[in-house]
Amino acid sequence: MAPENHELFGPAHPLSRGADVTLVSSDGRRFYCHSVMLQLWSGLFQELLAFVDEMQHTWELPVTDVASDVLLLLGCMYPHPARVEITMANCEKIFHLGDKYEAQDMMLRAARYLADTAIPTIMEKNSRDTTIPRVLECLRIAKKYSYPWLGTACLQLLGRKFFDWGLRGDLPKLLEVLDSSQLMQVMQSIPQPTEGDAERRPSSGGQ
């Protein structure tokens with residue numbers, strides 16, 4: 001499935017000027033890229049492109065990802081107009097691609113998005129049905145990709161919103177996903193009750 005010439009990373013797009021590497025996705029799309037940019041971001045590309053013959057002006061490199069994932073990968077490496085906005089919808093895919101291509105800075109950018117943008121946004125909302133799964137998803141990502149400071153932010157959020165979200169009734173569920181030390185961090189982050197809190201707290205079922 002060849003792209004239109006003027007499509008992003010197509011042969012005639014301004015961003016592809018001077019391209020010396022062509023990535024070919026598993027579904028056949030060709031992306032005209034720059035070895036210096038790929039090697040700057042990715043340890044895996046550093047290794048792969050180290051074998052390029054210096055006398056060869058361009059090089060073709062098949063990858064095992066579909067076109068949409070390659071576009072997301074490049075969108076995390078290249079500036080505007082290719083630059084992608086990190087969201088909860090694409091965040092885990094970015095972690096997956098960053099891990100696969102040994103792009104640590106790309107993963108760190110996604111982790112900072114979760115800590116600096118996603119978690120504070122979640123904290124402003126009081127709907128437990130949508131926010132608790134998102135916090136647990138952030139916590140799972142933090143554990144999977146070894147970002148303990150991100151995990152701590154998630155646990156502290158669960159503690160700060162313990163009464164607002166009615167988490168007392170969800171303790172059995174939390175015990176299924178949290179170990180004892182994580183649960184202790186949640187408990188230690190629960191705010192001290194103030195006068196009038198009892199009237200405002202929801203029931204243990206969160207209704």
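Biologist: In this predicted model, is Lys100 buried, partly exposed or exposed?
Modeller: The relative accessible area of Lys100 is 31%. Buried would require under 20% and exposed over 50%, so Lys100 counts as partly exposed.

Biologist: With which residue does Lys100 form a salt bridge?
Modeller: The side chain of Lys100 meets its partner with N and O 2.9 Å apart. Lys100 belongs to helix H4 (residues 88-100), whereas the partner sits in the loop between S3 and helix H3 (67-77), so the pair ties together parts 35 residues apart in sequence. That partner is buried, at a relative accessible area of 6%, and is Asp65.

Biologist: Which two strands does the salt bridge between Arg30 and Glu60 tie together?
Modeller: The closest N and O atoms of Arg30 and Glu60 are 2.3 Å apart. Arg30 is partly exposed at 28% relative accessibility, and Glu60 is likewise partly exposed, at 42%. Since Arg30 lies at residues 30-33 and Glu60 at residues 59-62, the strands are S2 and S3.

Biologist: How are the axes of helix H5 and helix H7 oriented, roughly parallel or roughly antiparallel?
Modeller: The axes of H5 (residues 104-123) and H7 (residues 148-160) come within 10 Å and cross at roughly 5°. Because angles under 35 degrees fall into one class, the two helices are roughly parallel.

Biologist: How many nonpolar residues does the contact of H5 with H7 include?
Modeller: H5 contributes residues including Leu108, Ile119 and Met123, and H7 contributes others, among them Trp149 and Leu157. Two residues of the contact are charged and none is polar, while the nonpolar ones number twelve.

Technical notes
Residues are numbered from 1 along each chain as its sequence is written. This is a predicted model: local features need pLDDT of at least 70, side-chain atom pairs count only at pLDDT 80 or more; totals for chains, interfaces and linings use all residues. Side-chain values use heavy atoms; hydrogens and water are left out. Axes are lines fitted to C-alpha atoms, for helices over the stretch in contact, and angles run from 0 to 180 degrees between N-to-C directions. Helices (H or I, at least four residues) and strands (E, at least two) are DSSP runs, numbered from the N terminus. Angles under 35 degrees count as roughly parallel, over 145 as roughly antiparallel, 65 to 115 as roughly perpendicular and the rest as oblique. Contact means heavy atoms within 4.5 Å. Ala, Val, Leu, Ile, Met, Phe, Trp, Tyr, Cys and Pro count as nonpolar, Asp, Glu, Lys and Arg as charged, and the others, Gly among them, as polar. A salt bridge is a side-chain nitrogen of Lys or Arg within 4 Å of a carboxyl oxygen of Asp or Glu. Buried means under 20% relative accessible area, exposed over 50%, partly exposed in between (1.4 Å probe, protein chains only).
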